[in-house]
Amino acid sequence: ITISGAGMSPRLQDGDIAVVNMADTELKDGKVFLINYRGQAVIKRISHDFGRWYMNSDNSGRKQYAREEFSKAHCVIIGKVIVLVSEQV
């Protein structure tokens, strides 16, 4: 999948390519996943805090990229990001 936007910046840049293992859908703390969030494909880092799962952006602009609770009603894990291909130097 091609990265679009700055939500996971600085690690994932607009235009980078992420390879997703669609067979790996088990939530893991600190790992990056492709998620169908309310019908939109998003890439987020998953965290586990106080018994709950959260979706996080790596971008430090917290207001624009606020952490959100992972909800099975609104989120479907498509797969875990396993490889990143970047043209950035």
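These legends go with close-up views of pockets, a surface patch and salt bridges in a predicted model. Residues are numbered from 1 along each chain as its sequence is written, and side-chain values use heavy atoms, with hydrogens and water left out. Because the model is predicted, local features need pLDDT of at least 70 and side-chain atom pairs count only at pLDDT 80 or more, while totals for chains, interfaces and linings use all residues.

**View A. The largest pocket holds about 360 Å³ of space.** A pocket here is an open set of points on a 1 Å grid over the protein atoms alone, where a 1.4 Å probe fits, with protein on both sides within 12 Å along at least five of seven lines; lining residues have an atom within 4 Å of a point. The volume is the space filled by probe spheres set on the points, with grid points joined across faces, edges and corners. Look for Ser4, Gly7, Ala41, Val42 and Ile43, which lie nearest the centre among the 19 lining residues. Strand β3 (residues 40–49) brings the largest share of the lining, 5 residues; strands (E, at least two residues) are DSSP runs, numbered from the N terminus. By class, the lining splits into 10 nonpolar, 7 polar and 2 charged residues.

View B. Strand β6 (residues 75–85) gives the most here, with 4 residues. The lining comes out at 5 nonpolar, 1 polar and 4 charged residues.

**View C. Ile17, Val19, Ile82, Val83 and Val85 make a nonpolar surface patch of about 370 Å².** Patch residues have over 30% relative accessible area and no salt bridge, and nonpolar side chains (Val, Leu, Ile, Met, Phe, Trp, Tyr) are joined within 5 Å. Areas come from the Shrake-Rupley method with a 1.4 Å probe, and for residues only the protein chains shown count as cover. β1 (17–21) and β6 each supply at least two residues, with β6 giving the most, 3 residues. Val85 sits in strand β6 and is partly exposed at 45% relative accessibility; buried means under 20%, exposed over 50%, and partly exposed in between.

**View D. Asp24, Lys28 and Lys80 are linked in a network of salt bridges.** A salt bridge is a side-chain nitrogen of Lys or Arg within 4 Å of a carboxyl oxygen of Asp or Glu, and by this rule the count comes to 5. In the Asp24–Lys80 pair, the closest N and O atoms are 3.7 Å apart. Asp24 lies in the loop between β1 and β2 (32–37) and Lys80 in strand β6, so the pair ties together parts 56 residues apart in sequence. Asp24 is buried at 16% relative accessible area, and Lys80 is buried at 17%.

**View E. Arg45 forms a salt bridge with Asp58, with the closest N and O atoms 2.9 Å apart.** Arg45 lies in strand β3 and Asp58 in the loop between β4 (52–56) and β5 (68–69), so the pair ties together parts 13 residues apart in sequence. Arg45 is partly exposed at 25% relative accessibility, and Asp58 is partly exposed at 23%.

Note on methods
Ala, Val, Leu, Ile, Met, Phe, Trp, Tyr, Cys and Pro count as nonpolar, Asp, Glu, Lys and Arg as charged, and the others, Gly among them, as polar. Patches are made of residues with over 30% relative accessible area and no salt bridge: like charges are joined within 9 Å, nonpolar side chains (Val, Leu, Ile, Met, Phe, Trp, Tyr) within 5 Å. Buried means under 20% relative accessible area, exposed over 50%, partly exposed in between (1.4 Å probe, protein chains only).
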